[in-house]
Amino acid sequence: MDSPMIELKSALASLFECGQYSDLTIVCGGKRYPVHRVLLATRSTFFEGACRNGFKEAETGVVDLSEDDAEAVEHMVHYFYHLDYLNKKSLSRRSSQRSNRSVSPRSSRFSRRSPPKKLNLAPVEDPLLALVAAANNSMPLTPPADEAAFQSLDASTKMPDTPMADQIEDDDLEIVQSEEELDVEGPHLVAHAKVYAIAEKYGIAGLKALARKKFADEIDLHLSSVEFPEACQEAYETTFHTDRGLRDVIIQTFRANPSLSLRPDVEMAVRETPGLAFELFRVASGLPVSS
Amino acid sequence: MIAGRGRPRIRPPRRGLHGDEVDFDKTWAIIEAAFREIHTQNASKLSYEELYRHAYRIVLKKKGEKLYNKVHEFERNWLSSEVRDTIQHLISPNLVANAQSVSATTPNERRVAGERFLKGLRKAWGDHQVCTSMLADVLMYMDRVYCADHRRPSIFNAAMVLFRDQILNSTTSETDARTLLSLLNNIILDQIQMERDGDVIDKQLIKSCVWMLEALHEDEVESEEQRLYNTSFEKEYLHTSRAFYRGESELLLRDSHAGAYCKHARQRIYEEDERCKQTLLESTGPKIQKVVEDELIKNRIHELVEMESGVRFMIDNHRLEELHLVYDLNRRVDDRKTETTRAIQLRVVDMGSDINKDAIAASQAPAVAPAADPADKGKGVAQDKNLNQQTLAAIKWVEDVLALKDRFDKIWRESFESDPLLQQAQTRSFTEFINSPSFPRSSEYISLFIDENMKKGIKGKTESEIDAVLEKAIILLRYVQDKDLFERYYKKHLCRRLLMNKSISNEVEKQMISKMKIELGNNFTLKLEAMFKDMTISEELTAGFKRHVEGLGERDPKRIDLSINVLTSMTWPLETMGGAAADEEDQRPRCNYPPVVDKLKRGFEKFYSEKHSGRQLTWLANMGSADIKAVFPKVVQKDGSFKERRHDLNVSTYGMVILLLFNELGADQHMTFEEIQAQTNIPSIDLIRNLQSLAVAPKTRILIKEPMSKDVKPTDRFSFNEGFNGKFVKIKVGVVSGGNKVESDRERRETEKKNDDSRQFCIEAAVVRIMKQRKELSHQQLMSETLSQLVGQFKPEVNMVKKRIESLIEREYLERIDNATTDMYRYLA
């Protein structure tokens, strides 16, 4: 990556972390994401429509996505600013949240209207804190979400040159490490399927392709995981039946691993998912998957 | 919500929307209500996210088609009930009447009513677009998934089509079957007509309606040609515009000047162009331009050019700007600018012919203008005056032609943007009248013009002015086709200038020659240059002879200086110098020189034959001149003075011979004309002339003639005028008719005959050259090659070429090839 590219990416990241110039807020569950219309409306047809027209959202500057899966929304927003999601830093962050959400998925919906105090800290810009964070920049420890925000901020604003380079090193390392980390952290197949669905729903072509790639890369590694059947179900139920993106990946996996069908949890999922069952049937009969 | 998923593992329960069927009717009710709000401008209350989500779910659950149809139906109902009514209410009676007869209402009423309608329609269209695009945003997922998969038009496009069908294609009222679209067209056309008539209209308003027509298509095909604008409005627009401009051009041609017409036409063209930019679409530009150009120019240019105030009038009155307008208009419709070119050519030839006629008239007019030539003072014989007048006519002709050329060059530069096509046309026309068969004198006149300038005109002029004069001559020369004839005249005139020392500057003469060399080629100037060479050699000879004589010994105080010009007989057109009697070399009479002169003559002959043996010298007494010192005795003058007077007389050689006769005569003796002729052997014509200048011309009356009269008769007696008194010491005795004059008709016939003779040689030479190279050739090819070879010299008559070929066949240079399909010739070596 050349330096102009680094400059842009770190600028984007800092925009997200500190919410500068934000002119739109996404609300989902208990969280509020201060975002930027230009960045979203130019890449998502849904957000374009929301910002363009005289609907409530365009006037209030708030888009309430509470009906959507909170995790998927978070990944989506992350993607808008980092061109990626579920990478090293966010992994750790997400895992803690996931446990929260899985305990009481509805609580976030009910608590929607209560002010999300914790998140209000995000846009605060404290130069002292920033300095401290800059000093601690090279900490190997993965920082919690809010601290990460400050770290990125100083990386782009306080120490323009070298820290950026440091970050690249980080990114590169991350790619190398990701495999191991994934093994450690466990599968994210369901998350990818959800992101894929939300990308499709809101018309974000880049994110959709990214999610599909991640899903395809991971599926073979986590065949035996408990997430696999769940991810299959998710994929078949959340997108339009003609969308072959994840479906092809899944069918391909079943074809390559016939033994999968023998697993009881997989069997259960196939029973519950008519679309998947039908396609497996066609494969078994030697017919093309889609008619 | 959640179907039985009694799986042991902990996992997040599924959201209802993923697993459940959607209640379509309920959801649609929500959406429909929202759409109504959108259409009544209440969208800001609505959550985009919610509507989007509802539509998304319906499509996800494969109810896309149902949704699409519902929306379509909703839009149709909305347009046909709400919108159509509003529009129909805007139609006032005078608008409908307008479509039938324009005269029913005043333009202003119609304009106001029309604008009201257009505004209403613009608002309806604008609202429809805004609302539909909001709907389309809400239904984005449907468009992307359902419409794309099923090849249905996007909901936005479908709604646009609905607008066309439900609004534009609906009738204006229940009783009137015409569509709103045709009414709209009529209103726009009416407004444009108002603008053409000078009113101010709301261009922006019309433009927005035009944009609407641009956005909609005639049918499902969304090509540019199928836009409603093209299929409906533009067609009508072009049609009515054509009719309008046809009428207007007719009216204008009848009622106004050509210049005003041109200005108006240009204004109209500009207006239409602007209209396309400001009021209509630019794509109409070329089409309407064509209509305007067709009606205002193409179909009218002929009439326009021919009008009384047309091109001819403009040329005659120096209306350069108007000519430019004509040219500009003509250029738009015709790359070749045929009409303008034709008119210009006609005028050039007309004016040129007038100049020709004037010249002929002036040269043939009786001598009534004695003051015309101050040098002559009206005291020469009548014929001389006539000749002088002809010379003047010749120079006037040249100057007139040059003025004409200047004039048309100016028009060409300033009005025709230096268009090469028009330059060619003008050149053709100049060539045409300069070489007109009814005016055979151009070559002679041009040569005379140069002659006049060489002798007088360039005196006191700067180098660049002289150059301009020479250049003018060259310009005219370019037009002359019969270059050989010109060469003949030029040689004749040059010959006189050189021999009589009339040229002001030898340098300028040479400059002229080199200009001709550039223009006409080496061949043309070869003989002219030889003449200059002869002159140079002669100077050396004269000097050499002088040294030779001095070397002979004792200096004789009575020795006569000899200045001599030895001329190569083939190079110099000597016959033109010899007068009428000198046609044939052999018959040239030998003049009897006085003994002193004869001695000198023999001396030079001896000197010359030593240098160049075998050359024969022929003395041309008619061309020389002599300086004589004359002493007039003391006799009582008219003014009473009494003294001896000495004069240096410059006389012609013949004059010298005559005067020397009186040296030997006593003071009271006289000689008759016949006696003089017998003693001198001078041809009578030359003798008469010389005696006239010596005894009749009042200033140089050295001899006394009895009886005193202008004519010289054989019985007249001549005696020495002892009482002669001149004002100056040096007296030049001019010989009558010395200068270069226009030829008389007889002379011209001779010149032409000679010219034809030499042309015959040229043609034969060309034919033989061609045949020698080609061996065999068809008649047609031979003719064209011959013509093209000779074009630099003259334009031969076809008949003459044919005769020459015949003659060559007779002389067995060529033969006809027998039994060839076409006439063929073969070269015989």
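**Ground rules.** I'm working from a predicted model, where local features need pLDDT of at least 70, side-chain atom pairs count only at pLDDT 80 or more, and totals for chains, interfaces and linings use all residues. Residues are numbered from 1 along each chain as its sequence is written, chains are lettered from A and ligands numbered from 1 in the order written, and side-chain values use heavy atoms, with hydrogens and water left out.

**The A/B interface.** I started with who touches whom, taking contact as heavy atoms within 4.5 Å. Chain A puts in 39 residues and chain B 38 residues. Next I looked up the buried area, meaning the accessible area (1.4 Å probe) that two parts lose on being put together, summed over both. For chains A and B I got about 3400 Å², with 53% of it on carbon and sulfur atoms. On chain A's side, A:Phe55, A:Lys201 and A:Phe240 supply 21% of the area buried against chain B, more than any other three residues.

Then I went for the charges. A salt bridge here is a side-chain nitrogen of Lys or Arg within 4 Å of a carboxyl oxygen of Asp or Glu. I find four of them between the two chains. One I noted joins B:Arg144 to A:Glu200, at 4.0 Å from N to O.

I also sorted chain A's touching side by class, with Ala, Val, Leu, Ile, Met, Phe, Trp, Tyr, Cys and Pro as nonpolar, Asp, Glu, Lys and Arg as charged, and the others, Gly among them, as polar. That side has eleven nonpolar, eleven polar and 17 charged residues.

Strands are DSSP runs of E, at least two residues, numbered from the N terminus; I call two strands paired if DSSP finds at least two bridges between them. Buried is under 20% relative accessible area, exposed over 50%, partly exposed in between (1.4 Å probe, protein chains only).

**Strand β9 of chain B.** β9 (824-827) has B:Tyr825 and B:Tyr827 on its covered face, and B:Met824 and B:Arg826 on the uncovered one. β7 (776-778) pairs with β9 antiparallel over three bridges, with B:Leu777 partnering B:Tyr825. β8 (814-816) also pairs with β9 antiparallel over three bridges, and there B:Glu815 stands opposite B:Arg826.

Definitions and conventions
Helices (H or I, at least four residues) and strands (E, at least two) are DSSP runs, numbered from the N terminus.
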